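Open the model in your viewer and keep the selection panel handy.

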Amino acid sequence: MKIGVIGTGLMGSAIAHRLIERGFQVFLYNRTRGKAKALVKKGAIQTEYPSELARKCNFVIISVTDGHAVKEILFGQNGLVNSKNRKLLVVDTSTVSPEDSIYCANLMKKKGYSIIQAPIMGGPDPTMKGDVISIVSGNKKSIERSKRILTSYSKKIFSLGSKAGAASFIKLSLNLNIALIAISLAESIVFVKKSNIDPTIFLEILNSTYFKTGLSEIKGPKMVKNNFEPKFFLKNMLKDVHLLNDCARQNGITLSFASLAEKYFRIASNRGYSELDYTGILKLFGEFNNLESFR
């Protein structure tokens with residue numbers, strides 16, 4: 001079975017690696033060709049344009065940063081719709097605004113193509129192990145048709161029905177939850193560290209209670225060691241929280257802590273932490289409090 005993957009960043013590469021290991025023939029497109037070298041060595045085939053990729057595959061997974069990139073891939077000069085492959089099914093795993101998801105779904109339908117939204121909960125490492133959750137919305141038949149692909153890297157699939165944009169609403173809500181947990185954990189670590197107590201003790205106690213989170217167990221030990229190797233970039237968390245706040249404003253919703261989260265992630269990004277893992281928000285709070293170990 002031939003599958004196209006567009007976008008070979010952290011998540012796109014992880015999806016492609018997993019599909020290759022599961023026996024799929026994978027075709028790739030990425031604006032920066034060099035990012036796909038490791039995948040090509042594993043047997044993936046690079047293409048010049050999204051339209052070329054779609055002529056070779058009936059299934060295409062998109063994993064890119066924002067809605068503008070998704071629209072260009074779908075409808076641009078060399079976009080997927082120019083492939084003229086009417087059997088094409090697009091699985092968009094990108095985290096974009098509900099507005100962009102709805103726009104893309106409606107225009108794809110108008111042009112006679114199928115697309116579903118399928119953002120992922122979990123990072124690159126769990127993706128390569130098939131241990132993530134996919135949140136799916138779109139046409140029921142298209143979702144069923146994509147199940148073999150989705151189950152190759154997902155341990156569970158939540159189908160939200162045919163409402164376009166539904167998966168995007170849920171994905172942004174989940175990422176807000178992660179952002180707020182990261183902020184809470186970072187401030188707790190700063191508080192303990194400034195009290196001249198080893199924050200690893202704090203983490204050990206926290207992770208022995210039912211108040212623990214996956215973030216405190218997996219990311220916490222790295223945070224106290226000043227290890228912010230990116231698995232999900234801080235700049236992307238800022239983008240997602242901004243999208244959620246923008247959507248909330250359009251819907252007449254006030255989200256106080258979401259607004260604060262955006263403020264602090266924006267400051268962190270402007271201070272030079274954008275390419276760190278999102279837990280690098282700890283660096284900002286360390287800077288605020290003159291903690292040299294987290295600066």
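Begin by selecting Arg-271 and Glu-287, whose side chains form a salt bridge with the closest N and O atoms 2.3 Å apart. Here a salt bridge means a side-chain nitrogen of Lys or Arg within 4 Å of a carboxyl oxygen of Asp or Glu. Arg-271 sits in helix H13 and Glu-287 in helix H14, so the pair links distant parts of the chain, 16 residues apart, and Arg-271 is partly exposed at 44% relative accessibility. The accessibility classes are buried (under 20% relative accessible area), exposed (over 50%) and partly exposed in between, with a 1.4 Å probe and protein chains only. Helices (H or I, at least four residues) and strands (E, at least two) are DSSP runs numbered from the N terminus.

A word on the source: this is a predicted model, in which local features need pLDDT of at least 70 and side-chain atom pairs count only at pLDDT 80 or more, while totals for chains, interfaces and linings use all residues. Residues are numbered from 1 along each chain as its sequence is written, and side-chain values use heavy atoms, leaving out hydrogens and water.

Next, select Asp-277 and Lys-219. Their salt bridge has its closest N and O atoms 3.0 Å apart. Asp-277 lies in the loop between helix H13 (256-273) and helix H14 (281-288), and Lys-219 in the loop between helix H10 (214-218) and helix H11 (220-224), 58 residues apart. Are these two buried or exposed? Asp-277 is buried at 1% relative accessibility, and Lys-219 is buried too, at 14%.

Now move to Lys-155 and Asp-131, which meet in a salt bridge of 3.5 Å, N to O. Look for Lys-155 in strand S9 (residues 154-159) and for Asp-131 in the loop between helix H6 (124-128) and strand S8 (132-136), 24 residues apart. Lys-155 is exposed at 55%, whereas Asp-131 is partly exposed at 39%. The count of salt bridges comes to 12.

For the last stop, colour the open sheet of six strands, ordered S3-S2-S1-S4-S5-S6 with parallel pairing; two strands pair if DSSP finds at least two bridges between them. Strand S3 (45-46) and strand S6 (114-117) are the edges, each with a single partner strand, so one side of each has no neighbour in the sheet. Zoom in on strand S5 (residues 89-92), which four bridges join to S6 in parallel. There, Val-91 stands opposite Ile-116 in S6.
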